[in-house]
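Q: Hi, I'm new to this one. Could you show it to me and walk me through it?
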Amino acid sequence: MTRYAIVADLNRCVGCQTCTAACKHANATAPGIQWRKVLDFEVGEYPDVTRAFLPVGCMHCDDPPCMDVCPTGATRKRDDGIVTIDYDICIGCAYCAVSCPYQARFRVDQPAAAYGGKAMRHEALREDPARIGVAQKCTFCVERIDAGCAQGLVPGVDGAATPACVNSCIAGALHMGDTDDPDSNVSVLLRENRHFRMHEDLGTGPGTYYLYDKKIGDDTAGDTAGEPVPMIAEPAGLAAVSPRLQTNWDWRAAANFVLGGTGAGLFVATVLVAMSTHVAWWAAFIALGLVAVGLSCVWLEIGRPWRFLNVYLNPKSSWMSREAVAALPFFGFGGLYLLWPGALVGLAAAASGLVFAYCQGRILRAAKGIPAWRQAGIVPLIVVTGLAEGAGIFTVMAVVAGYEFMLLSTIGSGLMALIALRAMLWQAYRGALGEAGAPAGALKALDGGFLNLSGRVQAVVLAVAVAGLLSPPVLALAGLLVLLTGWGFKYRLITGAAFNQGFAINRMPARGAGKSGPGVKPGWTVS
Amino acid sequence: MNKPGNPLRNSVSSYCYQCVAGPDLLKVDTIDGVPFQIRPNGSAAKIHPAAGKVCVKAFGLIQKTNNPHRIQTPMMRTNPKKGRGEDPGFEPVSWDVALEAICERLNKARADGLKDASGFPRVAASFGGGGTPTVYMGTFPAFLSAWGPIDMSFGSGQGVKCYHSEHLYGELWHRAFTVSPDTPLVELILSFGANVEASGGVCGVKRHADARDRGVKRIQIEPHLSITGACSAQWVAIRPKTDPAFMFALLHVLLHEIPRERLDIAFLKRRTSSPYLIAPNGFYLRDPDSRKPLIWDLKTARAVAFDTPDTDPALEREFTLSGLEVGPDDVEWAHDGITCKPAFAHLVAHVEPYSPDWAAAICDVKAGVIRDTAQQYIDHAHVGETIEIDGKPMPFRPVAISLGKSVCNGWGGYECVWARTLMACLVGGLEVPGGTLGTTVRLNRPADNRWSSVVPGPDGFMSYPMNPTRKGEWQSSPSARHAHQTLVPLAANSPWSQALGPTHLAWMMQKEGFDHLPEPTQPDVWFVYRTNPVVSFWETDVISDAIANFPFTVCFAYTMDETNHMADVLLPECTDLEGLQLIRIGGSKYVEQFWDHQGFALRDPAAAPMGEARDFTWIATELARRTGLLAKYNTSINKGAAGVRLFGENYDFSLDVDTAHSVEQIWDHSCRAASAELTDGAESQGLEYFREYGFRTKPFPRAQWYLYPAMVAQDLRFELPYQERLLRIGQELGARLHEVGITWWDRQLQEYEAMPHWQDLQGLWEDALEKRYDVKIGDYPFWLLSARSMQYSWGGNAGLQMIHEVADNVAGHGGVMMNPAAAQKLGLSEGERVEIASPTGTTTGAVILRQGIRPDTLLMIGQFDHWKTPFAKDLKTPSMNALTPMMLELTDSTGSGADLVRVALRKIGAGA
């Protein structure tokens, strides 16, 4: 087998950005888009400071999260390890972008010229409409590799078969080759040097290795690259490498999670309540409408909206595809339920709604690029908050509709149970997130404001719900608070707490006769 | 054949010589004649030290060529008023109109006499980039040569942003206009602010990476953790401008704390002036008959001439003897029975006070660190070892010291360059494998061969073309406005000398003349190419005002910029990828460009000129034709003014001198001559050959990287440690200046010491600023420094979006870098806009926090503050140039100043 990988020798790299520029030339990337670049790290406090440069780009992972999440199958991994994108089927949902822990994926929605206005002649010459509105990233200069291999050349050895970044590297820091070949250039380097891979704990198997020190014999002293990287919550001067708020998914994506979960929850509540009384068709209608509006918002956000049906192409691994699949029976049975409100149809629709909400939780869980999303506890939390929001809005509507007191009390009891369960799941989620460590900005956002799921706020909501057992208007207020705190949490989760993974350097390299030192994971904290 | 409708792809050979660390070879890919991609030239991998690669700057050439902001037609000013606030009202004109306007001025200047009433050339020219414009200006040097006297003293950074003391003293001591470690062999480098990973070019980066790979130790000594500091094994955060104290302390350790036998005594005795006996007035004690300096021969226990065979010269002790001492202006003292010590003994005494403990307080560096550094230096020196180079044994001394900008610029430069070169001498590591090397000559001749420039001079040293200081020979009437031949003997008198004079004096003179120098005048015609002094020099307002006062300025213009805003005529020339030119490559050139090959490379046009842009060679030919200088111009080309002499022993490809030749004809002849030169006349392939292959080389002997064999062959000595010659010319210069009433250069005259004493440079700066501006220096608590950027330096590329984009990945660009603790004290946080004020000016920028900078120091990378250059003017990037004063008090004896000033910071609020 063949496994192409990049090996970056941090002792050699000077951060000159020649690879960055060469990549821009070779791939005609838009202004501001850098498939490859070199980061500038600093560790320590004056005067005990070290500085190092870290080339980054697509890591062409063994288990690329971008591929698994892709709803269209546009992202694929070749047998030689190169991860590719088929621009012709990508819908530009940017799910891959939020799932990549290396910030390696981009979406450009409009052709852009370096100086604005009319494109320069070389820009016009190389404009590629196929890349507009879809995901793009480092291709490993796959065309060069394939063309070179076809001529019998060896990637990483022969320039004509080697990525532009490696060819251009003036320090000889970047190497490329086949790690499955024990005699290849990169295999030799990996044998002879200590190395790490960035964010290896995420299990993606990144295909970029960083050499940070020589390996002398069997000497393993100082080989601490596998140990946790020291975190610094507020590092001075490292903003460029610290986690940043993702910008791929905005309020439109948030609306899908907000309305989708609430709609699904509302439908479940409607069906369950209907077992004790008449069917509140208006509630079912609203539930379907909420989910539909949420999905419409997503449609507005994707880069290639008229390819939206491609979302069904990858249910094998993508939770976004599965969400879309789940929406079909939900709307089918739900619509039928409006026309023919039988219990079985209702339960089928409610079950589909639950699956839909579960898919939403899994969508976030699979987004490995966003620490606040990928926590295991996010899935039950998303499902339960959806159910709670549905129960909450149903409660409000039930009070307005004048449901009898006993039924309201039953609904209220269910609401209280959901509030308590949601609070517990929040605590579990937040606790695990804080314990594992997360971007400081994410934790700050999750804990901030008052429309959230914190124990303090939810205790108030629960108290209001208890009081609501005596007073329908208060119960309605409780329902409203459940709804708003759930919405607040999810909106914040998607738009405010969605700090990406950021970058980290596991070890500062030994420079010449110097010694390697501890690395840094800037912008991260445990709490 | 390309099928109709299919895009025509092509790949063209070219070179990048945008910075002084070039040239490097590249390929330009085109589609239908449009250049779209720069690539390394893989076919040069075997002959180029960096495997045929080019740095990030070269990748900016695509945008540079296709930039929509380019000036594409000749233009002439319609508004006679000049100044920053004036709209020049440039109107497009034909080439014929533009050239006629220029030549009318030139012809009038010629008719009026080549020099004006003050004796200054009527025509001036300014070129930037450390001489690199010549590799883009085609045959323009031949036109300048044909013209006659040209004033090139209006600098755009020369002298204040280069490595000035290194250039001058380096050439004097070891033919080292630029100095480099022998990076392929070195083991230990002490780097005082040298930023080779940012400014050493592709060869520097590659070689130092190789060196790190094999375990070299580099200790970076500088106030901020630069790119080079990042790539070093150790960073020592020294207080700004205190490097001489650190280096003197290193000398102290080597001479007072380390056993003498660990030094290279043989080298000191045979290859330096260490044994020369010093007479009471500070000059050598000489043999009265031969007038040769005397040494004390331990074998015969008597004083003999320094070149007496089979001697064992004494380095220490006192001796009682007689002899002749010759001072300035040939004043003589006959001595009898005096006690004399060798220069080495004087050196030992000289550095005795400069202990590490003394330096620690000055440098804010622990004495132990300094001591340890010196110990490592001697440990790695391998004194006594040899290595085989080109089949012959040579000393092997793998230790070197590098000096950066501002360290070897301005006051303190002499001390640092002297100490660095002396450190090498003490271990025999000057110009030997592994040691400290010069890599090019500019002031000595021939400029393309360091070995050939080794010519015997007085007293067993190499000759040096000093500007004369003796009575009757001294040039009291300056030949250029900065008076380099009048004030700076070391600047010499080569074609490069004007660029190495006190260039800021030319600008200062435009504001206020200097007593007893000729009345300052403006040049009748000023040519400007690849430089923007309104941005790149100091006190930019003063520069701007001076330029606005020039009567006729011709700018070879790429885009509008701050300098050509004041021009009368703008001429759009073919940029890097459009022009045709042949240049020399390889051998031993600037910085780390010492190769195992030498030859020529072609810059083949990758694209047709944009708009009405014309090849520089065409422009030069037209100027020559229209000024009646065609014959002289062609003769200059034939003699090599365009880079290669067109005739030799076995060949003659000279141009007919009376014909206006086409661009391709001229370069075809050059290519043929180049082929012939490389093959001793055996081959004569022309332009087509170079177009096909891009370059042509032959081997360059590695032994010629080192001056040592040439010195041994002629039994010459390096003129260290004692500077008798400088002491003499300093006193002579002082006498000459005083004879004409010039006393404003007296402080500079004090620098002519036989061995430099430490001086409080920080105090010197502080006192000068306080006195000049009547300020309290405490109100300006920070030292502001500048650093080079690989992405920008020398590139003239501040207006390129791609360069800005990628440079942004490197911390420090785009703002003012400061220590977080210092920022916290001022209540400043990352990204806040601040006003940075010096006693002479202000600028604004965003705060960039980094731990790798001293709390008392600020740093601004590169040169910005543009107000006219498209794109760059919108960057809001600060520059220290507006803050740095041009002051005589801060000008050293070589005419150089340092990028250093005291500043204050003030928050101006977000978004300001």
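Q: How far apart do the C-alpha centres of domain 1 of chain B and domain 2 of chain B lie?
A: They lie 33 Å apart. The bounds come from an automatic or database domain assignment, which gives domain 1 as 164-446 + 709-736 and domain 2 as 762-907. This is a predicted model, where local features need pLDDT of at least 70, side-chain atom pairs count only at pLDDT 80 or more, and totals for chains, interfaces and linings use all residues. Residues are numbered from 1 along each chain as its sequence is written, while chains are lettered from A and ligands numbered from 1 in the order in which they are written.
Q: Which residues are buried in helix α12 of chain B?
A: In α12 (residues 356-363; helices are DSSP runs of H or I, at least four residues), B:Pro356, B:Ala359, B:Ile362 and B:Cys363 are buried (20 or more other C-beta atoms within 10 Å of a residue's own, all placed from the backbone). They lie on the same side of α12(B), because they cover an arc of only 120° around the axis, taken from the directions from the helix axis to the C-beta atoms.
Q: What do they pack against?
A: Their partners are α9 (243-257) and α13 (367-379) of chain B.
Q: And what comes just after α12(B)?
A: That's B:Asp364, which takes a positive phi of about 60°.

Definitions and conventions:
Buried ≥ 20, exposed ≤ 12 C-beta atoms within 10 Å, placed from the backbone. Helix = DSSP H or I, 4+ residues; strand = E, 2+ residues; numbered from the N terminus. Contact = placed C-beta atoms within 7 Å.
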